[in-house]
Amino acid sequence: MLAVVVLAAGVLVWLNVQKQSGQDDVSSAPQVVYTGEDFVMDTYVTQRVSGENGEKAVEEVSAMLMETEQTFSRFRSDSVISKVNAQAGIAPVEVSEEVMGVLKEGLSYSSQSEGLFQITIAPLADLWGIMTDSPKVPEADEISNALTYVDDSQVALDEEAGTVFLPRPGISLDLGALVKGYAAEKAREIYEENQVDSALLSLGGMIVTVGQKPEGEPYQIGLRDPEGGASDYFGVLSGDGRIISTSGGYERYFEQDGKRYHHILAPRTGYPAESGLTSVTVLCDDGMKADFLSTALYIAGTEAVKSHLNEADYSVIAVTDDRQVLVSDDLAESFALTEDSGYTLAE
């Protein structure tokens, strides 16, 4: 079974836990596989879990995802992040240790990226409206104005008081490029705590695997072809237990005057990133770091990816505009292009 990385949009609509029977071989007992389906955190979510506590794990992960959305989504008026945004320029907002930890991590990544990644991107995202039914290309002066609000150095965290303050009205937080990774890591912890035999979670552009498939084979992850349809993939990657995050501009976009504008905005320019890349996949034990890196490297571009191919704590697969695929050396045995994909490995 290939789990194809697909980005999607939406809200929570259902949880459906089912039992499926599988067979390792003719001499073994049938294995029960529990599957879950959600529409939460603005994306489709599927789970496939086996083991004695598989059903419990599926339900716990689903509940965690809903709780994470409730806490961090700026599109929910009752979320903690929405409350922080609503109090911009007015008063600090008390938050939990969990929220403080995610914000602190996000600001650290922002600093590391030297402005390529900003959790205060919301005013710019709202201006473009790419996630809405009425996207538009803003005027240059509108973009320039929005960029004055996109500055993570203005976010004030008081860990002693447990508060967050946005000192200027109009500053707004958007943790969309971190929270799925955060949730993916929490899901893996739930699977491990329940000692499941195997698990596969697809959370938008995030993939989590635990163990091997119920059939006893390694999980094989199909990486979405940026130029193809939702079921087309250019390569296959063996899941190794690390969290897999993919960013690309091929799923959420609109066209105006013959040009495509995607949802990954570059904080330095105010426009959708034009970096010479069509997708970036990152494998990392840290879910939030994987989520951050796939976005930041996509914005940074081809040369930045080349300089980060062989880091100690994460691996990268990136696709360029001219259909070259950059791959970290440590993935040589676990990644392969599909036949007739039309892509080639970069030298």
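1. Strand β12 (residues 243-248) is largely enclosed by the rest of the structure, because six of its six residues are buried. Buried here means under 20% relative accessible area, exposed means over 50%, and partly exposed lies in between (1.4 Å probe, protein chains only). Helices (H or I, at least four residues) and strands (E, at least two) are DSSP runs, numbered from the N terminus. Ile-243, Ser-245 and Ser-247 point one way from β12, while Ile-244, Thr-246 and Gly-248 point the other way.

2. The model is predicted: local features need pLDDT of at least 70, side-chain atom pairs count only at pLDDT 80 or more, and totals for chains, interfaces and linings use all residues. Residues are numbered from 1 along each chain as its sequence is written, and side-chain values use heavy atoms, with hydrogens and water left out.

3. Which strands pair with β12? Strand β9 (residues 206-211) runs antiparallel to β12 and is joined to it by two bridges; Ile-207 stands opposite Ile-244. Strand β15 (residues 277-284) also pairs with β12 in the antiparallel sense, over six bridges, and Val-280 in β15 is the bridge partner of Ser-247. Pairing requires that DSSP find at least two bridges between two strands.

4. Nine aromatic pairs are counted. The rings of Phe-72 and Tyr-182 form an edge-to-face pair, since their centres are 5.7 Å apart and their planes stand at 70°. Phe-72 belongs to helix α1 (residues 54-72) and Tyr-182 to helix α6 (residues 179-193), so this pair ties together parts that are 110 residues apart in sequence. Both Phe-72 and Tyr-182 are buried. Rings of Phe, Tyr and Trp (its six-membered ring) pair if their centres lie within 6.5 Å; planes under 30 degrees apart count as stacked, over 60 as edge-to-face and the rest as tilted.

5. Ring pairs also link Trp-128, Phe-254, Tyr-261 and Tyr-271 into a cluster. Within it, Trp-128 is buried, with a relative accessible area of 0%, and Tyr-261 counts as buried at 14%.

6. Arg-323 lies in the loop between β16 (314-320) and β17 (324-327). Its phi is near 70°, a positive value in a residue other than glycine, and Arg-323 is partly exposed at 22% relative accessible area. Arg-323 also lies over the face of Tyr-343, at 4.1 Å from the ring centre. A charge sits over a ring if NZ of Lys or CZ of Arg is within 6 Å of the ring centre and within 35 degrees of the ring normal.
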